[in-house]
Amino acid sequence: MDDLTLGPSIPSTNLPLTQFIQTVRLYLRDYADLNRLIKGEEHSDRMIAWAILDAIDDFNKTGHLTSYTLTNFPSPSLLLRGTVINLLESVGLLQTRNHLTFSDGGIQVGVSDKTPLIQAWIQLLQNKYEEKKMKLKIVLNIEGAWGGGLHSEYVWTNGFYGGW
């Protein structure tokens, strides 16, 4: 793996960040030997790191404001889904921008347009992500209001933190 240089704005979480990047890559199965239509990996480590940070920011700025980081994020599976959604949105934009259909002499040729397929995956993941995100935010907000020593009944009625 290439040296991961992310700049001074990211705290010294290189080991957890590198591990989570590999988790995202594993979930997406984004490996050179599995990518038949592109050379190498589709997402750079830097792009995955951006998607992780964006997913954390989205969580922190939604509803009850929080200040989680990668190292203390309350739900790794939720962070994984938020990250994947960000990456798919980015790929969808690239696919849309590079879509080209042309014709010559009555023959119409087009570069494969994966945008509808990508949009379907985004929609599927986004619906689950938003629902789980809001449930978790409610649980965290209630527990915070109780001083953190008591747990909300949401833990028991919805499974541990909404079924994660």
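This is a predicted model: local features need pLDDT of at least 70, side-chain atom pairs count only at pLDDT 80 or more; totals for chains, interfaces and linings use all residues.
# Notebook: salt bridges, rings and helices

I began with E131 and K135, whose side chains meet in a salt bridge at 3.6 Å, N to O. Residues are numbered from 1 along each chain as its sequence is written, and side-chain values use heavy atoms, with hydrogens and water left out.

Both E131 and K135 sit in helix α4, four residues apart, which is about one turn of the helix. (Helices here are DSSP runs of H or I with at least four residues, strands are runs of E with at least two, and both are numbered from the N terminus.) I also checked accessibility: E131 is partly exposed at 47%, and K135 is partly exposed at 28%. (Buried is under 20% relative accessible area, exposed is over 50%, partly exposed is in between, using a 1.4 Å probe and protein chains only.)

How exposed or buried are K133 and E130? K133 is buried, with a relative accessible area of 1%, whereas E130 is partly exposed at 28%.

I checked the length of α4, residues 115-145. Its 31 residues should span 45 Å at 1.5 Å a residue, and the end C-alpha atoms are 43 Å apart, which agrees. (The expected span is 1.5 Å times one less than the number of residues.) I listed the buried residues of α4 too; among them are I118, I122, L125, Y129, K133 and K137.

How many salt bridges does a search of the whole structure find? I got six. One of them joins D45 and R25, with the closest N and O atoms 2.7 Å apart. D45 lies in helix α2 (residues 45-61) and R25 in helix α1 (residues 14-28), so the pair ties together parts that are 20 residues apart in sequence. Both ends are buried: D45 has 11% relative accessibility and R25 has 1%.

I also looked at R29, which is in the loop between α1 and α2. R29 is exposed, with a relative accessible area of 60%. Its C-alpha atom is 9.3 Å from that of E41, 12 residues apart along the chain.

I found three aromatic pairs in the structure. One of them, Y68 with F73, is edge-to-face, at 6.3 Å centre to centre with 65 degrees between the planes. (Rings of Phe, Tyr and Trp, the last by its six-membered ring, pair if their centres lie within 6.5 Å; planes under 30 degrees apart are stacked, over 60 edge-to-face, the rest tilted.) F73 is buried, with a relative accessible area of 10%. Ring pairs link F59, Y68 and F73 into a cluster.

What lies over the face of F59? I found K137 there, at 4.5 Å from the ring centre. (That needs NZ of Lys or CZ of Arg within 6 Å of the ring centre and within 35 degrees of the ring normal.) K137 is also one of the buried residues of α4.

I looked up T71 in the loop between α2 and α3 (76-97). T71 is exposed, with a relative accessible area of 54%. Its side chain is joined to that of T69 by a polar contact of 3.1 Å.

I counted five helices and two strands, in the order α-α-α-β-β-α-α along the sequence. Of the 164 residues, 33% are buried. I also noted that, among contacts between residues at least 6 apart in sequence, 57% join residues at least 24 apart. (Contact means heavy atoms within 4.5 Å.)

Methods:
A salt bridge is a side-chain nitrogen of Lys or Arg within 4 Å of a carboxyl oxygen of Asp or Glu. A polar contact is a pair of N or O atoms within 3.5 Å; within protein, one must be able to donate a hydrogen and the other to accept it, and residues adjacent in sequence count only if both atoms are side-chain atoms.
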